[in-house]
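Open your viewer and keep the selection tool handy.

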Amino acid sequence: MEWLRAWMLPPQGSDFAAEVDTVYMWLFWLSVVLFLGIAYAAIYFSWRYRYKPGRVTPHQTHNTMLEIVWSAGPLLLCVGIFFWGLNGWMKYSVAPGESMEIQITAKKWLWSFEYPDGTRTANEIHVKLNKPVRFVMTSEDVLHDFFVPDMRVKADIVPGRYTEVWFTPTVLGVHHVTCAEYCGKGHSDMQAKLVVDNEADFAKFMETGGTEWEDYKTKPAEWGKLQYERKGCSTCHSIDGSLTKGGGPSWKGIWGKMETLNNGQQVLVDEPYVRESMMVPAAKIVKGYEPIMPTFQGLLRETEIQGLEAFIKSLGNDPNGGPPAPTVLALPPPKPKDQAQAQ
């Protein structure tokens, strides 16, 4: 019946998933058997004791043995299921000591991940294959829920508290992450991807953010469009001039435009302004909008910032094209300490 499990449930991405599936499928078949048994008995007795002219229903008292069986049987079954579930919960309630710890901060409507070395990412997380990973989670605003179907983990993220989950990923590739607790207008857009890497790919990601950006080195606007979709920008900013449910200004035609701020001042939409708006969004608020955008300080790598700038300019309708934007993606120059180490 493996085909039925594979059809009913997502792929198994962790060692924990197999145990969860075993319990789930056992309960499924138990429910099937009980349903068929009850349905058969109901249909049979309805037919067997149907009304017939002249038939007199005999007076019934009780059957002590039958009452004991149908009371004790389900009780023992429920107790057995409880301890089976309790055993699994105890095994996976505390992460192994060698687990890599990653901090998760949930906010409307964005996932922020922080690694032990301080590296931070938004809506994308990388973990090592066959390496236990422990997530310590909190929320900045409302109740969220961290749900990774392939890993069979799901836990509420509560404002003002810390919760945690852990698992050992066993399948390379990309796995889907979603918020499973309604958290407002952008709830359905609060998605992320969990990438399981081998040792070499994980080390490369931690060093440079991966190598994918190199495929877009001379196509920064296309790279920026990917970041617009991946980092949650589409939740608040449209690219067609419309107002989104997130309530942020549209990016269409803003590059090179003079924007009026809430304090009456005007500012040119250029590279410094766009970068500042990502890092310190409350510094300059466009007239008619609220300061609700979260900071992306430490969440965006240099190539991602450059890509977003190029993408925003590509949406511009300024006759002169507006001020310059990056035309080629490039990593920031190494710090003096890094240069010394390289020598």
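Select N63 at the start of α3: one of its side-chain oxygens comes to within 3.2 Å of the backbone nitrogen of M65. That is a polar contact (N or O atoms within 3.5 Å, one able to donate a hydrogen and the other to accept it; residues adjacent in sequence count only if both atoms are side-chain atoms). Then follow α3 itself, residues 64–91: its 28 residues reach 41 Å from first C-alpha to last, close to the 40 Å expected at 1.5 Å a residue; the expected span is 1.5 Å times one less than the number of residues. Helices (H or I, at least four residues) and strands (E, at least two) are DSSP runs numbered from the N terminus.

A note on what you see: this is a predicted model, where local features need pLDDT of at least 70 and side-chain atom pairs pLDDT 80 or more, while totals for chains, interfaces and linings use all residues. Residues are numbered from 1 along each chain as its sequence is written, and side-chain values use heavy atoms, without hydrogens and water.

Next, pick K107 in strand β1. K107 counts as buried, at 5% relative accessibility (buried is under 20%, exposed over 50%, partly exposed in between; 1.4 Å probe, protein chains only). Show its contacts (heavy atoms within 4.5 Å): among them are E140, H144 and M190.

Step on to the cis peptide bond between K108 and W109, with omega about -10°.

Finally, which cysteine sulfur is closest to that of C179? It is the one in C183, 3.9 Å away and too far for a bond, as a disulfide needs sulfurs within 2.5 Å.

Key: Lists of a residue's contacts leave out its neighbours within four places in sequence.
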